[in-house]
Amino acid sequence: MTASENKIYLPESQLPRNWYNMVAELPFDVPRPLHPVEDRRVEIEDYDWLWPLECLRIELQEGRYRTDPWIEIPEFIADVYRRYRPSPLVRARSLERHLGTPAEIYYKREDLNPAGSHKFNTALVQAYYAAREENSETHSMVTDTGAGQWGAALAMACETLGLGCDVFMIRKSYEEKPYRRYLMGMAGADVYSSPSRLTKTGREILKDDPENSGSLGIGMSEAIEFVKEDRGRRLALGCMSYYAVLHQSIIGLETKLQLEQIDRSPSLMIGCVGGGSNFTGFIAPFVPEKVGGSPIEFRAIEPESIPTLSRGEYRYDWADFSELTPRILMYTLGHRFVPPPVHSGGLRYHGKTPVLSALVKNDVVGTRTFGQSEVFDAGRLFLKTEGVLAAPESAHAVLGAIDAAKDASRTGQKQVIVFCLSGHGYLDLQGFSDVLDLDSSD
Ligand SMILES: *Cc1c(COP(=O)(O)O)cnc(C)c1O
């Protein structure tokens, strides 16, 4: 393969056999979670009713997850990955020409799987752990979802593993963005509008505020309560966990092989951050060179209105509204933060995964924020030039790349910019229409 081609493919035989476990090689510690109320570290036994055990072992950095940089991908997972992986790395030549930039721009496509985003990469593994664990009694996975990306990914994963799937979907999206709800329904999931009457958390919120439009924090509290009621249920989480980051390292590992094939090394890697999983998995295998002194730059993009990494506090906080989850050391806007109603549902988290937070704190990763309308304009430009409709979340990364390419034009630098296209926007057209005002008559 040569650098003159647009799409850089890897053969299925080169699908990575291991995930990259970054924390085993970082020169600084990523602190482990603390008990929600007691002044001590979390132990497996505290949460073995809630999470699949393997997820807990990863999250608490137990045993090999503290020491081994490479974690073998189970054969079952590799088989399902091969349905849509390795995903192509694409050179954005039309976008480059449009911008007149000396930079090369590449994007890694994570929109080409059944759920339409990177989230399926980890949803599948979480369902697999839950279903295949020794003495597993698990019959269903429970979760919360905003715009529905995570719920859709989990619904399809559960379908693949023969598990049921219960999804608490924040009310505003449940009512206004029904298409992913339909997708979840087609995959066999049960979807509830959150706050719901199924849990105490939901009932109490609705008593005080019957019109409450819901939030991811509330949805997560409901999901946790729902799991507690039945030993056969387990929680699945998309974004804030380290196990999601570990599984998403498949994105970066493929990207690394693809860039090596065309003899390029990235000068700047960009991604959007909600909980931080796609971006952190994308950069993971490149982090050791950065830490070792290579000039490669990493840039995490967040919405101006949810500036967790850029302006949040670095401290212990809960991942959910009701303080049921462990406390984790991260950048946070506070677990009671109610995000503004932006159209990038997947970026509406109050915190960022501890490993990404530690990378920012240690100056390995830089950050930038953009406003909603410029992001959606970037999404439109990407569709016009590259013919790909990015998810609103991913459009943040598109704008990050455009912004960096413009910098390169000013300085004349021959940069290699690589970004992660975390998902497609075909079920987000209502948001595009609202922001870009597509519905106004002539
Ligand atoms: C959920 C989501 C995100 C944000 O989640 P991360 O954990 O930060 O990756 C980004 N893009 C898309 C398309 C999403 O669905």
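Gln 61 lies in the loop between helix α2 (53-59) and helix α3 (64-67). In this predicted model, the phi angle of Gln 61 is near 50 degrees, a positive value in a residue other than glycine. Most residues other than glycine have a negative phi. Gln 61 is buried, with a relative accessible area of 6%.

A second residue with this kind of backbone angle is Asn 135, which has a positive phi of about 55 degrees although it is not a glycine. Asn 135 also belongs to a loop, the one between α6 (120-132) and β6 (140-145).

Most peptide bonds are trans. The bond from Arg 85 to Pro 86, however, is cis, with omega near -10 degrees, and Pro 86 sits in the loop between α4 (75-81) and β4 (89-91). The bond from Ser 194 to Pro 195 is likewise cis, with omega near 5 degrees. Pro 195 is placed in the loop that runs between β8 (190-194) and α10 (200-208).

Arg 180 is part of helix α9, which covers residues 178-186. Is this arginine buried or exposed? With a relative accessible area of 3%, Arg 180 is buried, because the limit for a buried residue is under 20%. The side chain of Arg 180 is joined to that of Asp 428 by a polar contact of 2.9 Å. Leaving aside residues up to four places away in sequence, Arg 180 touches Ala 147, Gly 148, Gln 149 and Ala 152, together with His 424, Leu 427 and Asp 428.

The cysteines raise a separate matter. A disulfide is a covalent bond between the sulfur atoms of two cysteines. How many disulfides are there? The count comes to zero, with the cut-off for a sulfur pair set at within 2.5 Å. Two residues illustrate the reasoning. For Cys 55, the closest cysteine sulfur is in Cys 158 at 12 Å, which is too far for a bond. For Cys 165, the closest cysteine sulfur is also in Cys 158, at 4.0 Å, and this too is too far for a bond. Cys 55 is buried, at a relative accessible area of 0%, and Cys 165 counts as buried at 4%.

The last topic is the ligand. There are 18 residues around the ligand, and those that come nearest are Lys 119, Gly 274, Ser 277, Asn 278 and Ser 422. The shell divides into five nonpolar, 11 polar and two charged residues. An oxygen atom of the ligand lies 2.6 Å from a polar backbone atom of Gly 274, and an oxygen atom of the ligand is 2.8 Å from a polar backbone atom of Gly 276. How much of the ligand's area does the protein bury? Taken alone the ligand exposes 390 Å², and the protein buries 100% of that. The elements that give two or more residues to the shell are α13 (277-283) and α18 (392-411).

Definitions and conventions: Residues numbered from 1 in each chain as written. Predicted model: local features only at pLDDT ≥ 70, side-chain atom pairs only at ≥ 80, totals over all residues. Heavy atoms only, no water. Helix = DSSP H or I, 4+ residues; strand = E, 2+ residues; numbered from the N terminus. Buried < 20%, exposed > 50% of the residue type's maximum accessible area, 1.4 Å probe, protein only. Polar contact = N/O pair within 3.5 Å; in protein donor to acceptor, adjacent residues only side chain to side chain. Contact = heavy atoms within 4.5 Å. Near = heavy atom within 4 Å. Areas by Shrake-Rupley, 256 points an atom, 1.4 Å probe, with all protein chains shown as cover. Nonpolar A, V, L, I, M, F, W, Y, C, P; charged D, E, K, R; others polar.
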